[in-house]
Amino acid sequence: MTSSVWGEPVTLNPDAPQRYEVVRDDTLWDIAGRFLRDPWRWPDIWQVNQQINNPHLIYPGDIIFLSYRENGDPVLELQRGLPSYKMSPAVRTSKLEKAIPTIPIDAIQQFLLHPRVVSKETLDNAPYVVAGTEERLILGAGDEIYVRGLSKSAIIRYGIYRGGEVYRDPDHPSKILGYEALFIADANIQRFGDPAILSIQNSTREILVGDRLLPTSDLEFEQHFLPHASPTPVEGKIIAVIDGVSQIGQYQAVALNLGVEDGMEKGTVLAVYQAGRVVRDPISRLPEDKVRLPDERAGVIMVFRAFNHISYGLMMGAERAIHVYDVVRNP
């Protein structure tokens with residue numbers, strides 16, 4: 001396996017350990033950060049052990065070793081730890097613990113399960129909340145709602161959504177990339193009809209008349225990502241930060257104006273560059289003489305979900321202040 005990308009060798013951290021024992025709550029990214037300057041580069045120096053099933057899955061108790069090839073290139077090797085044992089009065093089982101995720105799943109779980117980018121027509125034509133079974137305008141978990149537009153089908157679980165941000169291309173504001181469907185709650189069918197009755201199972205926000213329903217997928221979401229750079233040069237921008245904060249920090253999710261059609265996929269890593277400020281030249285004799293400062297690298301993002309024209313990424317590290325409309329490029 002090559003130890004370089006774009007012709008550049010992998011750089012070790014000066015204080016990289018010779019060995020590390022994996023513990024619960026670790027992530028692959030955090031472990032790789034102990035050894036490498038750029039944690040996303042760990043697949044480039046991972047020594048696949050043919051004697052171990054699923055060598056890219058790592059478990060608590062495993063040992064990661066740092067060694068070197070004959071030519072001096074670094075290699076990370078895995079020694080599988082012992083399985084953990086769980087005992088109870090009735091049963092005794094021996095089971096390897098759950099593999100550690102690539103990145104903190106808690107930070108992105110809601111985006112993998114619920115939020116999506118849809119067309120305006122999808123939201124406009126979706127079934128909608130017309131009233132609560134009680135005479136209340138604001139509803140939540142435990143309440144029942146009347147919904148119009150549901151056809152009788154095998155689907156009994158729905159997500160309740162509200163139109164969120166309109167994603168536009170920052171370089172072409174008239175170009176709409178998609179519409180955010182903001183997750184509000186889960187609901188189960190209690191009775192089909194027009195209107196149908198659904199019970200609200202949980203909610204993240206208050207449910208309002210007019211909120212829309214979309215089918216809920218029962219598929220499990222992926223917890224393991226293989227970080228990698230795009231094979232072709234790409235450039236885009238951060239167009240939104242979830243929850244609307246002005247500055248973006250570690251483990252915050254952002255939306256990018258790059259999608260599947262631009263080569264984005266799960267695990268794509270991008271570097272963030274803080275846009276250079278325009279300042280007046282204090283030495284120049286021309287009062288309006290201004291200069292744009294160069295863009296400065298500010299952090300790293302990993303894409304965890306991609307749509308046609310938009311992708312969601314998680315800020316894995318921030319070295320400088322990062323804002324909406326900062327540029328993202330190949331790392």
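Two strands are taken to pair where DSSP finds at least two bridges between them, and the legends below use the word in that sense for a predicted model.

View 1. Strand β19, which spans residues 253-256, is joined to β24 by four bridges, and the two strands run antiparallel. Within this pairing, Ala 255 has Tyr 312 of β24 as its bridge partner. Strand β24 is mostly covered, since six of its eight residues are buried.

**View 2. The hairpin of β23 and β24.** Strands β23 and β24 form a hairpin, with four residues lying between them. Seven bridges connect β23 (residues 296-306) with β24 (residues 311-318), and the two run antiparallel. Two of the positions involved can be picked out in the close-up: Val 300 has Gly 317 of β24 as its bridge partner, while Val 303 stands opposite Gly 313 in β24.

**View 3. The closed barrel of six strands.** The barrel is closed by six strands in the order β17-β19-β24-β23-β20-β26, with antiparallel pairing. On average, neighbouring strands of this sheet are turned by 45° against each other when direction is ignored. In the order given, β24 stands between β19 and β23, the two strands with which Views 1 and 2 show it joined, by four bridges in the case of β19 and by seven in the case of β23.

View 4. Three strands in the order β3-β4-β5 make up an open sheet, and their pairing is antiparallel. Strands β3 (19-21) and β5 (74-79) are the edge strands, each of them pairing on one side only. Neighbouring strands of this sheet are turned by 20° against each other on average, again with direction ignored. Helix α1, formed by residues 28-35, packs on the sheet and touches β3, β4 and β5, and the direction of the helix makes about 155° with that of β3. Between β3 and β4 (residues 63-68), which run antiparallel, there are three bridges, and in this pair of strands the bridge partner of Tyr 20 is Ile 64 in β4.

View 5. Leu 208 belongs to strand β15, which covers residues 207-208. Because its relative accessibility is 32%, Leu 208 counts as partly exposed, a class that lies between buried, under 20%, and exposed, over 50%.

Note on methods: Residues numbered from 1 in each chain as written. Predicted model: local features only at pLDDT ≥ 70, side-chain atom pairs only at ≥ 80, totals over all residues. Heavy atoms only, no water. Buried < 20%, exposed > 50% of the residue type's maximum accessible area, 1.4 Å probe, protein only. Axes fitted to C-alpha atoms, helices over the stretch in contact; angles between N-to-C directions. Contact = heavy atoms within 4.5 Å.
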